[in-house]
Amino acid sequence: MESVNFSPANLSNTGSRFLNALVDSAIALETKDTSLASFIPAVNDLTSDLFRTKSKSEEIKLELGKLGKNLTATLVLEKCLREDLKKAELHLSAERTKVDSRLQNMDFLKAKAAEFRFGIKAAEEQLSARGMDASLSHQSLVALSEKLTELKQQTIPLKTKLESYLDLMPNPSLAQVKIEEAKRELDAIEAELTKKVDLMEL
């Protein structure tokens, strides 16, 4: 402009605006001057930066989408876990109640058992003080009951044997002898049973 003796002050308002825009663009693009040779590479670089920025933006958007899905899945999982935890706590509370009830029942049964043992022992001591035969104690009666069951089992084959003798016909005399023997044996066992039963009923 100096070579042609031209000053920016000679420009019209529109020309001044264009000149200012050209200067601002050169400053923004960081060009060495306002020539077209400087502007074109700067614009190309700016365009490349824009594409790279858009590409990076798309990558970030995809990553955000994945994070959003993962966050949603995590929230759903957390909700399920909270519900499962709540159910587990309710179940545990119910089981704890059952266990407490069983422990209370167990303590009650233990107390009752101890009370019964004490009562039996006290009754045996009272009966012993009154001259009760030791064979009639609780343990003795239990043993007698077991013996009675055993004797009843032993009479079953004898009764079967006796019935087989009753069916004998060829030799009446011999059959009568066998029947009498079986009857005596059966009577002896029944007498012993009766004695044991009488002792238990005293």
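The model is predicted: local features require pLDDT of at least 70 and side-chain atom pairs count only at pLDDT 80 or more, whereas totals for chains, interfaces and linings use all residues. Residues are numbered from 1 along each chain as its sequence is written, and side-chain values use heavy atoms, with hydrogens and water left out.

**Whole chain**

Begin with the protein chain displayed as a cartoon. It contains four helices and zero strands, in the order α-α-α-α from the N terminus; helices (H or I, at least four residues) and strands (E, at least two) are DSSP runs, numbered from the N terminus. Of the 202 residues, 10% are buried; buried means under 20% relative accessible area, exposed over 50%, and partly exposed in between (1.4 Å probe, protein chains only). The chain exposes about 16,800 Å², of which carbon and sulfur atoms supply 60%; such areas come from the Shrake-Rupley method with a 1.4 Å probe, and for residues only the protein chains shown count as cover. Among contacts (heavy atoms within 4.5 Å) between residues at least 6 apart in sequence, 38% join residues at least 24 apart.

**Ser38**

Next, select Ser38 in helix α2, which spans residues 36–129. Ser38 is buried, at 11% relative accessible area. Beyond its neighbours within four places in sequence, Ser38 contacts Thr31, Lys32 and Asp33.

**Lys56 and Glu59**

Continue to Lys56 and Glu59, whose side chains meet in a salt bridge (3.9 Å, N to O). The term denotes a side-chain nitrogen of Lys or Arg within 4 Å of a carboxyl oxygen of Asp or Glu. The two residues are three apart in helix α2 and therefore separated by about one helical turn. Lys56 is partly exposed at 48%, and Glu59 is partly exposed at 46%.

**The patch at Leu64**

Select Ile60, Leu64 and Leu67, a nonpolar surface patch with about 280 Å² of accessible area together. Patches comprise residues with over 30% relative accessible area and no salt bridge, like charges being joined within 9 Å and nonpolar side chains (Val, Leu, Ile, Met, Phe, Trp, Tyr) within 5 Å. Leu64 belongs to helix α2 and is exposed, at 54%.

**Two further salt bridges**

Display Arg82 and Glu78, with closest N and O atoms 3.0 Å apart. Arg82 is exposed at 56%, whereas Glu78 is partly exposed at 34%.

Finish at Lys98 and Glu95, a salt bridge with closest N and O atoms 3.8 Å apart. Both residues lie in helix α2, three residues apart. The whole structure holds five salt bridges.
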